[in-house]
Amino acid sequence: MEPQPIWVTFVVAFIFMNVLLVGMAYMTWFERKVLAAMQDRLGPTRTGPHGLLQPIADGIKLLGKEDLIPAAADRLVFYFAPLVVFVAAVVRVAVIPFGNQITVFGHPVNLFVADLNVGALFLLAFGSIGVYGIILGAYASANRYSLLGGLRSAAQVISYEIILGLSLVGIFLLSQSLSVRQIMLLQTASLQLGPVTLPNWFILSQPLAFVIFLIAAVAETNRAPFDLPEAETELVSGFHTEYSAFRFSFYFLGEYINMIIVSLFAATMFLGGIDGPGSDRFWVLGIFWLLVKVVFFLFFYVWLRATLPRFRYDQLMGIAWKVLLPLVLINIIVTALIRLAGNGQLF
Amino acid sequence: MTLDAIVFYILAAVCLLAAVGVVVSRNPVHAAVFVVITFFNVAAIFVMLGAEFLAAVQVIVYAGAMLVLVLFTIMLVDPDNLPELHAGRPVQRVVGVLLGLILLLEVGLAIINRTFTAPTGNATPELIGLVGGPAQAMGYILYNQYALPFEIVSLVLLVGVIGAIVLALPERLGEQFGLRRGTISLGHPRGTEVALPTGPDGEAPITEADRKETAALEGTRELILVRDPDKYTTVGERR
Amino acid sequence: MGTLTTNHFLFLSAALFIIGMMGVLTRRNILIIFMCVELMTNAVNVTLVAFARETNTLYGEGFAVFIIAIAAAEAAVGLAIILALSRRVASVDADEFNALRD
């Protein structure tokens with residue numbers, strides 16, 4: 001692979017970031033449309049054909065609102081807490097691979113920003129940084145409801161982060177790598193099982209880990225049915241009760257970008273990322289398959305929200321520590337034993 | 001100056017300023033934020049030193065889990081009783097700063113006059129690249145030379161978890177619930193209604209007297225039964 | 001000033017350690033004392049990794065990983081103690097925890 005000049009990396013990173021932001025805007029549209037279809041409504045229809053301009057209208061509306069700050073608020077912390085959520089969410093796109101090296105106008109261009117040796121850990125690390133924005137914003141609002149939401153969020157994210165990390169350990173064991181790109185490249189190979197040829201996706205060798213990862217990812221992004229931190233009906237939106245206008249929208253942006261990133265992460269780790277028919281010849285097809293997988297996960301998110309009621313707090317913690325943690329530990333042990341047996345080191 | 005040096009000086013400056021912020025800030029939440037900034041910069045310095053894996057662990061464990069725990073504790077402790085966030089007694093302050101400066105002088109002299117050399121190993125960046133990267137090299141070290149310490153550390157962590165649970169359980173300590181103040185219950189633990197404290201600071205349960213009062217109020221309330229509710233509500237400009 | 005040597009990292013580590021130490025010596029809020037102790041352990045980690053790079057070994061990094069793990073255990077126990085103390089004495093002032101003195 002040829003090295004690329006640093007400015008190309010910057011251009012690629014810039015494009016990824018903007019695509020992510022546009023994708024986030026249309027994620028809100030997608031969510032409203034799908035929710036509406038599931039509840040036998042129409043959803044947004046007034047702005048543009050099928051309400052396609054609705055996200056832009058929402059953004060302009062949020063920009064024009066008054067930015068309120070509670071009198072008792074810790075102003076400095078109140079100012080930057082939403083930014084933490086937003087930045088921690090956007091930064092994570094850096095290690096997601098959208099393809100291999102391609103050639104544009106004679107220049108080699110990598111379709112990923114960075115191939116970190118510890119890319120998967122990088123994604124997990126910044127996932128846990130996002131909770132600062134929530135807990136600090138909750139504290140700075142000087143509001144009991146917000147504080148409760150923030151504390152819930154902290155406890156929830158710490159618990160589910162452990163499960164999210166451990167559910168990937170099986171993959172690390174099988175792939176001998178922590179680099180997201182290496183793991184994705186491994187999955188582009190195919191697997192021969194007698195007469196059947198299967199893609200070497202990790203969902204086939206780690207199905208339990210995949211299910212656990214999905215559950216933990218929903219909890220990690222504070223989405224329904226694990227949206228205890230912002231439970232509208234009991235905590236009046238929890239940590240962002242006091243936030244308004246564009247500061248609120250940073251929380252909103254952060255949450256939706258987190259969803260997209262987690263979907264990209266899941267698609268890359270378990271579903272082979274860009275792997276699909278024809279993706280080895282045309283890089284556009286690779287991106288298309290990745291997007292298909294991501295949209296599937298996003299649909300799953302919306303589906304969950306439309307279907308399941310919110311968990312109670314003790315149920316939430318009970319699931320994490322009494323059900324998922326033992327399961328994921330068993331998964332790791334079994335994977336390690338199978339790998340040892342495969343190497344002939346066990347007996 | 002090379003690019004490396006410029007980056008290092010920026011990181012070091014932010015790191016030290018944030019560390020000073022920890023020591024001088026009055027509000028413990030602000031101190032915690034400064035600690036997070038320091039830890040982030042230390043993680044970046046680990047990256048500069050070629051320890052990517054350690055940097056990731058630093059962010060996940062220190063910045064991601066531990067400081068969230070600290071913030072959690074700060075918010076569980078009664079804010080009215082965060083006492084004199086104001087620094088220590090004057091004598092303490094002077095002696096502390098003086099001792100620190102003396103130690104800085106000593107350590108600085110020791111670093112400048114350092115003659116100590118250690119035998120060099122073979123973990124050069126090229127060789128680490130051959131193994132697969134810093135993470136793989138780290139795994140090799142941890143599970144070969146350091147296998148026994150690794151197991152002992154896991155035991156220490158287990159003991160730590162059990163100790164933390166035992167210490168944080170209020171019932172086991174035989175505490176009186178009357179002393180409990182300012183903590184917020186996150187869930188709905190069963191059977192605590194009987195033991196809830198009363199008084200201005202605790203969350204008092206609804207007493208019989210309160211209940212009677214509301215019942216009496218309900219008797220005096222006037223109910224309006226109407227056939228056409230629109231008569232009693234005004235919406236927009238229609239009326 | 002020009003190129004980076006191990007001494008640069010050692011000086012940074014020393015400064016960080018001493019700032020943490022000053023915090024431990026001068027502050028009275030037990031939570032902030034706890035955070036300053038964490039600063040000191042971090043400074044030590046920087047020293048270990050700097051020496052590891054100088055000598056082209058990985059032992060320093062291995063030690064730093066262990067230190068982080070022990071620090072996590074310490075945080076769990078330490079914060080549980082702080083919570084228990086603050087319930088009992090209703091304060092986080094290190095000078096008020098003197099029940100064993102009298």
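Modeller: Happy to. Keep in mind that this is a predicted model. Let's start with Ala32(B): leaving out residues up to four places away in sequence, Ala32(B) touches Leu67(B), Val70(B), Leu71(B), Ile74(B) and Met35(C).

Colleague: What makes two residues count as touching here?

Modeller: The test is that their C-beta atoms, placed from the backbone, lie within 7 Å. Ala32(B) passes it with Met35(C), a residue of chain C, as well as with residues of chain B such as Leu67(B).

Colleague: What makes Ala32(B) and Met35(C) stand out in the largest nonpolar core?

Modeller: They touch the most other members, out of 179 residues in that core. To belong, a residue has to be buried, which means 20 or more other C-beta atoms within 10 Å of its own. H3(B) is the biggest giver to this core, with 18 residues. Domain 1 (1–87) and domain 2 (146–180) of chain B each put in at least three residues.

Colleague: Why is H2(B) called roughly antiparallel to H3(B)?

Modeller: The two helices pack at an angle of about 175°, and their axes are 8 Å apart. Angles over 145 degrees count as roughly antiparallel, so that is the label H2(B) and H3(B) get.

Colleague: Which residues meet where H2(B) packs on H3(B)?

Modeller: From H2(B), they include Ala32(B), Val36(B), Phe39(B) and Phe46(B). Across from them, H3(B) brings residues including Ala55(B), Tyr62(B), Leu67(B) and Ile74(B).

Colleague: How do you know what kind of contact that is, nonpolar or polar?

Modeller: By sorting its residues: 20 are nonpolar, one is polar and one is charged. Ala, Val, Leu, Ile, Phe, Tyr and Pro are among the types that count as nonpolar.

Colleague: What does chain B look like overall?

Modeller: Chain B has eight helices and zero strands, so reading along the sequence gives α-α-α-α-α-α-α-α. Of its 239 residues, 27% are buried. Among contacts in chain B between residues at least 6 apart in sequence, 45% join residues at least 24 apart.

Colleague: And how many helices and strands does chain C have?

Modeller: Three helices and zero strands, with the order α-α-α from the N terminus on. Chain C has 102 residues, and 54% of them count as buried.

Colleague: How many residues are in contact between chain C and chain B?

Modeller: 65 residues of chain C are in contact with 83 residues of chain B. On the chain C side, helix H1 (6–26), helix H2 (30–54) and helix H3 (59–89) each supply at least two residues. H3(C) has the largest share, 22 residues. That side of chain C divides into 42 nonpolar, 15 polar and eight charged residues.

Key:
Residues numbered from 1 in each chain as written. Chains lettered and ligands numbered in written order. Predicted model: local features only at pLDDT ≥ 70, side-chain atom pairs only at ≥ 80, totals over all residues. Core = buried A, V, L, I, M, F, W, Y, C linked by C-beta atoms within 7 Å. Buried ≥ 20, exposed ≤ 12 C-beta atoms within 10 Å, placed from the backbone. Helix = DSSP H or I, 4+ residues; strand = E, 2+ residues; numbered from the N terminus. Domains from an automatic or database assignment. Axes fitted to C-alpha atoms, helices over the stretch in contact; angles between N-to-C directions. Parallel < 35°, antiparallel > 145°, perpendicular 65-115°, else oblique.
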